[in-house]
Amino acid sequence: MENTSLWVFGYGSLCWNPGFSYKSSKIGHIKDYVRRFWQGNTTHRGIPGKPGRVATLVSENKGTTYGVAFEVEGETALQYLNCREVELGGYKTVFSQFIPRDGPSFPVLLYIATPDSKDWSGPAPLPNIASEIISSSGPTGHNVEYLLRLAEFMRDHIPEGYDEHLLLLEMHVRNIIKEKSMCLETLMGDPPLHRSRHPSTDEPPVGAAGPMVAAVANERRDTFQFSAKVPVKKLRCLNL
């Protein structure tokens, strides 16, 4: 049967904090796009004059980006997304084909930023992007939270989609936090009230993480870098 529902593809904060009601969700990927932290933000993770860095999709031949497709429920959800992503975030909408882990592909709505978007920051060396993220905060919270919650979500739910750009950027940011003895608990803030839910059948395929992701995860365990995995109630800031 043909899928006639409207689906929205999340590849950034929508993955771990959709913020709207949806009928169902599916993990999968789209082709010919890659995730990059090239969009500036002055409404959620930064302020005017000091924008944060958030994810967008950049067209790349044979590129792949993994994320979550949400089946939208009602006009209220679309109005919310338009406000959050278009009016405040500076994104525009396009359609692409989504390929779930199981089942046939179907069209999804994408929110993407381009060089014409407001607050566009563009490409930069990863250490520079990491420094911008470390020093940026906005009404929704610190820019570090945006990056680390996305990275954690990808490792936990979509390890095959934990791409090199995200992995290396996370490593740069965690190294700066460690070097500067910054308080991770303060940077991360409170967990989102409405986390995304996923069917129990949507488990990561065995061996999907690959050697690079596994190595990073092993390095992070039992170290400061692994502290993002500790329950919030157990986190402590020692550098008061």
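**Labels and their cut-offs**

Modeller: The protein has seven helices and seven strands. Residues are numbered from 1 along each chain as its sequence is written. This is a predicted model: local features need pLDDT of at least 70, side-chain atom pairs count only at pLDDT 80 or more, totals for chains, interfaces and linings use all residues, and side-chain values use heavy atoms, with hydrogens and water left out.

Biologist: What makes a run a helix or a strand, and in what order do the elements of the protein come?

Modeller: Both are DSSP runs, numbered from the N terminus: helices are H or I with at least four residues, strands are E with at least two. From the N terminus the order is β-α-β-β-α-β-β-α-β-β-α-α-α-α.

Biologist: Why is the pair of phenylalanine 9 and phenylalanine 98 called tilted?

Modeller: A search of the whole structure gives ten aromatic pairs. In this one, the centres are 5.8 Å apart and the planes 50° apart. Rings of Phe, Tyr and Trp (its six-membered ring) pair if their centres lie within 6.5 Å; planes under 30 degrees apart are stacked, over 60 edge-to-face, the rest tilted. So 5.8 Å makes a pair, and 50° makes it tilted.

Biologist: What parts of the chain does the pair link?

Modeller: Distant ones: phenylalanine 9 lies in strand β1 (residues 7-10) and phenylalanine 98 in strand β4 (residues 92-100), 89 residues apart.

Biologist: Are phenylalanine 9 and phenylalanine 98 buried or exposed?

Modeller: Both are buried (under 20% relative accessible area, 1.4 Å probe, protein chains only; exposed is over 50%, partly exposed in between). Buried residues make up 49% of the 240 residues in the protein.

Biologist: Which residues form the aromatic cluster?

Modeller: Trp7, Phe9, Tyr11, Phe98 and Phe106.
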